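Here are my notes on the model you sent. Please read them with the structure open.

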Amino acid sequence: MHTEINIRTAASLRGLRAEKNMTIEDVANKTGINKDTISRYENSNVSMQLYILDKLVECYGIGLDIFFKNIYDKMQNDEKEKQEPQKE
């Protein structure tokens, strides 16, 4: 089931990995998490387990609190932009 939060979480994981210029294999080697599992998380193809998500975001140098705050802030910003009148 692809909920908005799962989709945004997956996109955020991909974005963080790209920001750090890491491959899935790099992340797998650093975290001990299977490459296929990382790929499924990044594509929102699996129900996310908190302890794995925690290991992944820790690999990128942030905690779950900051990770989810960034997702929440992005969701709030997107909602705000939807409500603003279009400028011509």
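1. **Basis.** This is a predicted model, in which local features need pLDDT of at least 70 and side-chain atom pairs count only at pLDDT 80 or more, while totals for chains, interfaces and linings use all residues. Residues are numbered from 1 along each chain as its sequence is written, and side-chain values use heavy atoms, with hydrogens and water left out.

2. **Overall fold.** The protein chain has five helices and zero strands. Its pattern along the sequence reads α-α-α-α-α. Helices here are DSSP runs of H or I with at least four residues, strands are E runs of at least two, and numbering starts at the N terminus. The C-alpha atoms fill a box of roughly 50 × 25 × 25 Å along the principal axes. Of the 88 residues, 32% are buried (under 20% relative accessible area; exposed is over 50%, partly exposed lies in between, with a 1.4 Å probe and protein chains only). Take contacts between residues at least 6 apart in sequence: 59% of them join residues at least 24 apart. Contact means heavy atoms within 4.5 Å.

3. **α1 against α5.** The axes of α1 and α5 come within 10 Å and cross at roughly 115°. Axes are lines fitted to C-alpha atoms, for helices over the stretch in contact, and angles run from 0 to 180 degrees between N-to-C directions. On the α1 side, the contact includes Ile 5, Leu 13 and Leu 16; on the α5 side, it includes Phe 67, Ile 71 and Met 75. By class, this contact has seven nonpolar, two polar and four charged residues. Nonpolar covers Ala, Val, Leu, Ile, Met, Phe, Trp, Tyr, Cys and Pro; charged covers Asp, Glu, Lys and Arg; the others, Gly among them, are polar.

4. **α2 against α3.** Helix α2 (residues 24-31) and helix α3 (residues 35-42) have axes that come within 9 Å and cross at roughly 120°. The two are therefore oblique to each other (under 35 degrees is roughly parallel, over 145 roughly antiparallel, 65 to 115 roughly perpendicular, and the rest oblique). Ile 24, Glu 25, Val 27, Ala 28 and Thr 31 of α2 meet Lys 35, Ile 38, Ser 39 and Glu 42 of α3. That contact holds four nonpolar, two polar and three charged residues.

5. **α4 against α5.** These axes come within 9 Å and cross at roughly 90°. α4 and α5 are therefore roughly perpendicular to each other. α4 brings Leu 50, Leu 53, Asp 54 and Val 57, and α5 brings Leu 64, Phe 67 and Phe 68. The tally is six nonpolar, no polar and one charged.

6. **The core.** The largest nonpolar core has 19 residues. Such a core is a set of buried Ala, Val, Leu, Ile, Met, Phe, Trp, Tyr and Cys residues joined through side-chain atoms within 4.5 Å. Leu 13, Val 27, Leu 56, Tyr 60 and Phe 67 have the most contacts inside it. α4 gives the most to this core, with five residues. Leu 56 touches Leu 13, Val 27, Ile 33, Ile 38 and Tyr 41, not counting residues up to four places away in sequence.

7. **Two loop residues to check.** Most residues other than glycine have a negative phi. Asn 21, in the loop between α1 and α2, has a positive phi of about 50°. Ser 44, in the loop between α3 and α4, has a positive phi near 55°. Buried or exposed? Asn 21 counts as exposed, at 70% relative accessibility. Ser 44 counts as buried, at 8%.
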